[in-house]
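Please look over the model shown here together with its sequence. The briefing is meant to be read alongside both.

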Amino acid sequence: MRQKTPKLVCDGVWKVYGDNLDVVFKSPASSPSATDLATNNLIGAVQNVTLDIFDGEIFVIMGLSGSGKSTLVRCMSRLIEPTQGKVLFNGENLTEKSDAEMIEIRRHKMGMVFQHFALLPHLTVLGNVAFPLEVQGIGKAEREVRALEVIELVGLKGRENYFPRELSGGQQQRVGIARSLAVEPELWFLDEPFSALDPLIRREMQDEFLRLQGVLKKTIVFITHDFDEAIRLADRIAIMKDGAVDQVGTPQDIVLNPATDYVAEFTRDVSRAKVVSVESVMSAKADNAPDGGYSGYIKASAKIAEIVSQLKKATTAFAVIDENNNDKIIGEITRDDVIDVLMQG
């Protein structure tokens with residue numbers, strides 16, 4: 001993550017459905033048990049979730065269908081009213097905002113992309129991307145200039161005048177992404193945005209997403225049920241079960257140190273090589289380069305799975321370089337180091 005500054009905070013957030021809420025939520029500090037909920041015929045879609053989401057990070061929420069991840073995200077943006085708890089955005093309590101204030105916050109500071117593209121079929125790509133700016137009351141010339149910039153950013157330059165029916169699924173999702181970015185949001189919600197796409201297109205969209213994040217540095221809350229997608233994209237992951245968060249951590253933390261039996265089972269088939277970083281297994285930098293020099297240079301954040309092919313024929317160690325300074329060598333990694341990780345996985 002880039003800064004230890006919370007952009008979004010969930011503090012004891014509940015979303016419970018049923019008719020006897022007053023019985024179990026008698027005070028702001030109430031924390032009913034599963035038995036309390038069941039006895040009163042209540043459904044705890046989100047149960048006592050407390051999270052900090054930091055400025056500039058990709059925070060992935062995942063879990064099986066019905067685990068509460070989409071409901072939690074809708075509570076974060078107050079598309080759904082939390083039953084109890086606080087949601088803080090830039091330090092301001094969203095649960096105290098009026099409906100009109102929330103509309104303005106969502107229009108100007110939040111972007112949202114969902115699994116279903118929901119493009120307006122009668123509008124062109126340009127019209128769809130410019131639409132949220134039109135809702136804001138921005139003049140036609142200004143909003144079209146901004147829309148064209150974002151269309152180019154997502155790789156759709158030249159298709160401004162196409163209609164949604166003339167685009168592939170991946171191109172339609174790019175339009176949805178461009179539309180959400182047109183308002184220049186501080187906080188970006190994506191709810192399984194790639195799950196309806198074919199595997200090859202999905203991989204392409206993940207690449208595009210990472211490229212965009214490298215340029216834009218947004219604070220992102222990303223929902224998925226695909227662990228491979230999560231470990232590829234996430235700075236941190238929250239795993240949900242039955243409305244509650246079982247564990248929060250980096251992909252490496254989650255896979256190597258599962259906090260519960262559920263998380264261990266959830267991550268059981270994930271290859272360690274996909275989550276273990278070069279930095280975590282490298283050795284200290286030697287005083288001198290090996291005889292014959294280094295076989296190459298690898299960034300500290302690279303995953304073991306990404307460098308296997310490079311080390312396959314290596315005869316000497318690779319130098320591990322600092323993420324932000326390619327001239328700074330911070331350690332070394334050898335083929336044997338990588339084999340050890342592969343054997344453990």
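Predicted model: local features only at pLDDT ≥ 70, side-chain atom pairs only at ≥ 80, totals over all residues.

The protein has 345 residues, of which 47% count as buried, and its secondary structure comes to 14 helices and 13 strands. The C-alpha trace spans about 70 × 55 × 35 Å along its principal axes. Among the contacts with a separation of 6 or more, 67% are accounted for by residues 24 or more positions apart.

**Packing of H7 and H8**

- Helix H7 covers residues 169–181 and helix H8 covers residues 199–216, and their axes come within 11 Å of each other while crossing at roughly 20°.
- Because angles under 35 degrees count as roughly parallel, H7 and H8 are roughly parallel to each other; their crossing is right-handed.
- On the H7 side the contact is made by Gly 170, Gln 173, Arg 174, Ile 177 and Leu 181, while H8 contributes Ile 201, Glu 204, Met 205, Glu 208, Leu 212 and Leu 216.

**Packing of H5 and H6**

- The axes of helix H5 (residues 125–135) and helix H6 (residues 140–153) come within 9 Å and cross at roughly 125°, which makes H5 oblique to H6.
- The crossing of H5 and H6 is right-handed.
- The residues of H5 that take part are Val 125, Leu 126, Val 129, Ala 130, Leu 133 and Glu 134, and they meet Arg 143, Glu 144, Arg 146, Ala 147, Leu 148 and Ile 151 in H6.
- In the contact of H5 with H6 the residues divide into 8 nonpolar and 4 charged, with no polar residue in the set.

**Cysteines**

- A search of the whole structure finds 0 disulfides, and for Cys 10 the reason is distance, because its sulfur is 8.1 Å from the closest cysteine sulfur, in Cys 75, which is too far for a bond.
- Cys 75 is likewise in no disulfide, and its nearest cysteine sulfur is that of Cys 10, 8.1 Å away.
- Cys 10 counts as buried at 1% relative accessibility, and Cys 75 is also buried, with a relative accessible area of 0%.

**Positive phi angles**

- Arg 78, a residue other than glycine, has a positive phi near 60°; Arg 78 lies in the loop between helix H3 (69–76) and strand E4 (84–89), and at 8% relative accessibility it counts as buried.
- Glu 184, also a residue other than glycine, has a positive phi near 55°, and Glu 184 is placed in the loop between H7 and strand E7 (187–191).

**Surroundings of single residues**

- Gln 84 belongs to strand E4 and, at 12% relative accessibility, counts as buried.
- Not counting residues up to four places away in sequence, Gln 84 touches Gly 12, Val 13, Trp 14, Phe 25, Ser 27, Pro 28, Ala 29 and Ser 30.
- Met 112 is found in strand E6 (residues 110–114) and is partly exposed, with a relative accessible area of 23%.
- Leaving aside neighbours within four places in sequence, Met 112 is in contact with Ser 77, Leu 79, Arg 106, Ser 180, Trp 188 and Phe 189.
- From C-alpha to C-alpha, Met 112 and Val 60 are 14 Å apart in space, and they are 52 residues apart in sequence.
- Pro 258 sits in the loop between helix H10 (251–256) and helix H11 (261–266) and is partly exposed, with a relative accessible area of 33%.
- Once neighbours within four places in sequence are left aside, Pro 258 is in contact with Gln 247, Asp 253, Val 263 and Ala 264.
- The C-alpha atoms of Pro 258 and Leu 233 are separated by 19 Å, and the two residues are 25 residues apart along the chain.

Technical notes. Residues numbered from 1 in each chain as written. Heavy atoms only, no water. Axes fitted to C-alpha atoms, helices over the stretch in contact; angles between N-to-C directions. Helix = DSSP H or I, 4+ residues; strand = E, 2+ residues; numbered from the N terminus. Parallel < 35°, antiparallel > 145°, perpendicular 65-115°, else oblique. Left-handed = near helix turned anticlockwise from the far one by under 90°. Contact = heavy atoms within 4.5 Å. Disulfide = S-S within 2.5 Å. Buried < 20%, exposed > 50% of the residue type's maximum accessible area, 1.4 Å probe, protein only. Nonpolar A, V, L, I, M, F, W, Y, C, P; charged D, E, K, R; others polar.
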